[in-house]
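This report describes a single protein chain together with its ligand.

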Amino acid sequence: MTTTATAAITPPLTPSSTLPKPLTITPTGSALGAVVEGIDLSRPLSAAHFHKLTQAWQAHHVLIFKGQRLSDAQLFDAITYFGDVFRPPGHIPVLATNDQGFTPDIVKVSNVKGGYTGNGELSAHVDHHWTPRPSKASALYARQIPTSGGDTHWYNLNLGWENLSPDTQRAIESLSLITYNPFVNRDASRPLYREPNNPPKGEAHPHPLVTTHPESGKRLLFLGEATEVEIPELDYASGRALIEELRAHLFTPQHRYEHRWEVGDVVLWDNRATAHYRSAFDENQVRDMRRVSLAGGRPL
Ligand SMILES: O=C(O)CCC(=O)C(=O)O
Ligand SMILES: [Fe+2]
């Protein structure tokens, strides 16, 4: 009996440039965030990759996927691996339609026609903080970016909590916070802390000031920077002083990752564990992003 030469069953060599890159997850080196390479979000995710990504997401709160090339529908499909799409309650305006008619599930965050950008995102906020169930996560996909500015910065709310003194932690951990709807309180002269004789419009939904992440169990200082808020358990003077102190502590560079966008970046952030803002840019240049948000539960 003759034996088959082993050479005959060796598969042809694949040029290394066509082999898929392995999945790598590299922390940014800042307070939060990790860069993900070796994932093509236009294709179905494997269970093994999904598992690694969710673990990394819990650890780093912000995942930065490089080099993506996605249609709106592919972005939607990729992000909804991580949860169900957020449908804005009636009191959030439907922002804008995108080119392909997916609205409001895929928002065109853009200064070109049909897009939406506001001033509200110029200071750190938790998306939909004023609703009973703020969205749990959002993703932005960069299609066109200005040559400078238009960066997005995220703060780590868990680190902000951990870096408080034990005395402050004890003093605030059973307080609640009401964040008022900035869409119905647009007046720039409105204060950042609710004044007794100047009631804001809209519904009030108190959430804990210190929340617990439902998946990681991490504790979080669940506070935004420049929306009108109130601590219902405290009188005006002490509530306002406390919020000023907490904001001055939390919104500092040691708790922040600053993302300089490249076209093709998809950034997925955990809205329960972070606050974010965008820096200004030259409005004569185009900044064109797509955004998908995921539904959340009641903050714990
Ligand atoms: O455009 C950005 O970088 C951030 C906008 C924003 O705040 C958001 O999409 O939630
Ligand atoms: Fe936002």
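How far from an oxygen atom of ligand 1 does a polar side-chain atom of Arg287 lie? The separation is 2.8 Å.

## Basis of the description

The model is predicted: local features need pLDDT of at least 70, side-chain atom pairs count only at pLDDT 80 or more, and totals for chains, interfaces and linings use all residues. Residues are numbered from 1 along each chain as its sequence is written, chains are lettered from A and ligands numbered from 1 in the order in which they are written, and side-chain values use heavy atoms, with hydrogens and water left out.

## Ligand surroundings

Besides Arg287, whose polar side-chain atom is 2.8 Å from a ligand oxygen, Thr152 has a side-chain N or O atom 2.6 Å from an oxygen atom of ligand 1. For Arg291, the corresponding distance between a side-chain N or O atom and an oxygen atom of ligand 1 is 2.3 Å. Taken alone, ligand 1 exposes 290 Å², of which the protein buries 96%; accessible areas come from the Shrake-Rupley method with a 1.4 Å probe, and for residues only the protein chains shown count as cover.

## Overall architecture

The chain contains 6 helices and 15 strands; these are DSSP runs (helices H or I, at least four residues; strands E, at least two), numbered from the N terminus. Of its 300 residues, 48% count as buried, where buried means under 20% relative accessible area, exposed over 50%, and partly exposed in between (1.4 Å probe, protein chains only).

Among contacts in the chain with a separation of 6 or more, 81% involve residues 24 or more positions apart; contact means heavy atoms within 4.5 Å. The chain exposes about 14600 Å², with carbon and sulfur atoms supplying 53% of that area.

## Asp288 in strand β15

Asp288 belongs to strand β15, which covers residues 288-294, and counts as buried because its relative accessibility is 8%. The side chains of Asp288 and Arg290 are joined by a polar contact of 2.8 Å. A polar contact is a pair of N or O atoms within 3.5 Å; within protein, one must be able to donate a hydrogen and the other to accept it, and residues adjacent in sequence count only if both atoms are side-chain atoms.

Not counting residues up to four places away in sequence, Asp288 touches Lys108, Val109, Ser110, Val112, Tyr141, Ala142, Arg143 and Gln144.

## Aromatic pairs

The count of aromatic pairs is 9. Rings of Phe, Tyr and Trp (its six-membered ring) pair if their centres lie within 6.5 Å; planes under 30 degrees apart count as stacked, over 60 as edge-to-face and the rest as tilted. Phe50 and Phe82 form a tilted pair, 5.5 Å centre to centre with 45 degrees between the planes. Phe50 lies in helix α2 (residues 47-60) and Phe82 in the loop between α3 (72-79) and β4 (107-110), so the pair ties together parts 32 residues apart in sequence.

At 28% relative accessibility Phe50 is partly exposed, whereas Phe82, at 5%, is buried. Phe50, Trp57, Tyr81 and Phe82 form one aromatic cluster.
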